Amino acid sequence: MIKLFATNPFSTMPPRYIRAVLYRYYFAPKNNRQALWWQRERLGLWLPSLLSVQNQQLIDYLRSQQWIK
């Protein structure tokens, strides 16, 4: 999963817990004041922050998606 980052932000110490927030993205209106390409709407938590990176269900899921070995 670290391949999703351009560089490894956790090279000295990996996080103890992780959290994932789910957003819906859509194109921003043309000529908007902020010159944004995208707008997003927060849908909620995909993974709660209390989920440990050592959680076996998380590890099994990441393996099933081939995100880790």
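## A buried asparagine in a loop

N32 is buried, at a relative accessible area of 17%, where buried means under 20%, exposed over 50% and partly exposed in between, calculated with a 1.4 Å probe on protein chains only. The model is a predicted one, in which local features need pLDDT of at least 70 and side-chain atom pairs count only at pLDDT 80 or more, while totals for chains, interfaces and linings use all residues. Residues are numbered from 1 along each chain as its sequence is written, and side-chain values use heavy atoms, with hydrogens and water left out.

N32 belongs to the loop between β1 (20-27) and β2 (38-47); strands (E, at least two residues) and helices (H or I, at least four) are DSSP runs, numbered from the N terminus. A polar atom of the N32 side chain lies 2.8 Å from the backbone oxygen of P29, and a polar atom of the N32 side chain also lies 2.8 Å from the backbone nitrogen of L36.

## Aromatic pairs

A pair of aromatic rings is described by the distance of the centres and the angle of the planes. Five aromatic pairs are present in the structure, counted where rings of Phe, Tyr and Trp (its six-membered ring) have centres within 6.5 Å, with planes under 30 degrees apart taken as stacked, over 60 as edge-to-face and the rest as tilted. One of these pairs joins F5 and F10, whose ring centres are 5.8 Å apart and whose planes stand at 90°, so the pair is edge-to-face. F5 is partly exposed, with a relative accessible area of 42%, and F10 is partly exposed as well, at 31%.

The rings of Y61 and W67 also form a pair, with centres 6.0 Å apart and planes at 90°, so this pair is edge-to-face. Y61 counts as partly exposed at 34% relative accessibility, and W67 counts as partly exposed at 38%. Through ring pairs, Y61 and W67 are linked with W46 into a cluster.

## A charge over a ring

The charged end of R40 sits over the ring of Y23, at 3.9 Å from the ring centre, a description that applies if NZ of Lys or CZ of Arg is within 6 Å of the ring centre and within 35 degrees of the ring normal.

## An exposed lysine after the helix

K69 lies in the segment after α1 (56-64) and is exposed, with a relative accessible area of 89%. K69 and P48 are 21 residues apart along the chain, and their C-alpha atoms are separated by 23 Å.

Methods: A polar contact is a pair of N or O atoms within 3.5 Å; within protein, one must be able to donate a hydrogen and the other to accept it, and residues adjacent in sequence count only if both atoms are side-chain atoms.
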